Amino acid sequence: MRAPGLFSDTWQCDNHGAVHPMQPVLPPSVEALSVAVARSQVPVWLPWPLPVSWLYTGISHAGDDVSGARATAVACSGPAPLGGFGELVLVAEELGVGLGARYAGLPGPDPGEAISLHKPADTKLMAAGRPTPMWHVASAPDDRAVFVGEALGLWLWAIAWPEQSALLMYDELVLTDLRDAGAELDLLPCGALSPRLLG
């Protein structure tokens, strides 16, 4: 990738043209999250309230200093529904960014033919107060469960590890855009940085 310069004001990739660069992962703290939320042009989704005993475990985003985040990935972790440890990464992104596909383990920037929009949704969750259909991506790697839908005109990805943790998706999950959270953000319980964001 080439940084913006004399002939272009965007990051450029020889294969894909103008791209939104991936920024360093921010460790889980309310202060770092607040800065990321303030600069985001897309929703910063998080289950709210968090499932019992779950913690916020980091954020990553794609975008630059001028235009702000064009994709966000927020991680949370806690007890898996069937025992053990579970992790969930929620991605909001503009079309063509590719952050969700990266965490989902899929080629290409968007889900494409990996989902069948002509079939009924596999589950629904509430995103910003609206029922949001989510489709299961069967072609994802076996170690995770991937769901994708659309909320506020943008892609919404939910990636759960291990695959059995996807039971959270069927448990009336309510997502809040942290850009609208206000002072409640100070109450967010933080855990250790999720290694899923680094992968």
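Student: Is Asp171 buried or exposed?

Tutor: Asp171 counts as exposed because its relative accessibility is 55%. Buried means under 20% relative accessible area, exposed over 50%, and partly exposed in between, using a 1.4 Å probe and protein chains only. Keep in mind that this is a predicted model, where local features need pLDDT of at least 70 and side-chain atom pairs count only at pLDDT 80 or more, while totals for chains, interfaces and linings use all residues. Residues are numbered from 1 along each chain as its sequence is written, and side-chain values use heavy atoms, with hydrogens and water left out.

Student: Where is Asp171 in the chain?

Tutor: In the loop between β10 (154-161) and β11 (174-177). Strands (E, at least two residues) and helices (H or I, at least four) are DSSP runs, numbered from the N terminus. Asp171 and Pro51 are 120 residues apart along the chain, with 9.7 Å between their C-alpha atoms.

Student: Which residues are closest to the centre of the second largest pocket?

Tutor: The pocket holds about 170 Å³ of space. Leu50, Pro51, Leu168, Asp171 and Leu173 are the closest to its centre, out of 14 lining residues. By type, the lining has 12 nonpolar, no polar and 2 charged residues. Here Ala, Val, Leu, Ile, Met, Phe, Trp, Tyr, Cys and Pro count as nonpolar, Asp, Glu, Lys and Arg as charged, and the others, Gly among them, as polar.

Student: And how many cavities are there?

Tutor: The search of the whole structure finds 1 cavity of 30 Å³ or more, and the largest cavity has a volume of about 40 Å³. Among the residues lining the largest cavity are Trp48, Thr176 and Glu184.

Student: What's a cavity versus a pocket, then?

Tutor: On a 1 Å grid over the protein atoms alone, a cavity is a set of points where a 1.4 Å probe fits but cannot get out, while a pocket is an open set with protein on both sides within 12 Å along at least five of seven lines; lining residues have an atom within 4 Å of a point. Points are joined across faces, edges and corners, and a volume is the space filled by probe spheres set on them.

Student: New topic: what order do the strands of the open sheet have?

Tutor: The open sheet has 9 strands in the order β3-β11-β7-β8-β9-β10-β6-β5-β4, with mixed pairing. Two strands pair if DSSP finds at least two bridges between them. β3 (45-47) and β4 (55-64) stand at the edges with a single partner strand each, so one side of each has no neighbour in the sheet.

Student: How do β7 and β8 pair?

Tutor: β7 (residues 123-127) and β8 (residues 130-136) are antiparallel, over 5 bridges. Lys124 stands opposite Pro133 in β8. The two strands form a hairpin with 2 residues between them, and Ala128 in the turn has a positive phi of about 55 degrees.

Student: What about β8 and β9?

Tutor: β8 and β9 (residues 145-151) also pair in the antiparallel sense, over 3 bridges. Met134 has Gly149 in β9 as its bridge partner.

Student: Last one: how many helices and strands does the protein have?

Tutor: The protein has 2 helices and 11 strands. Of its 199 residues, 48% count as buried.
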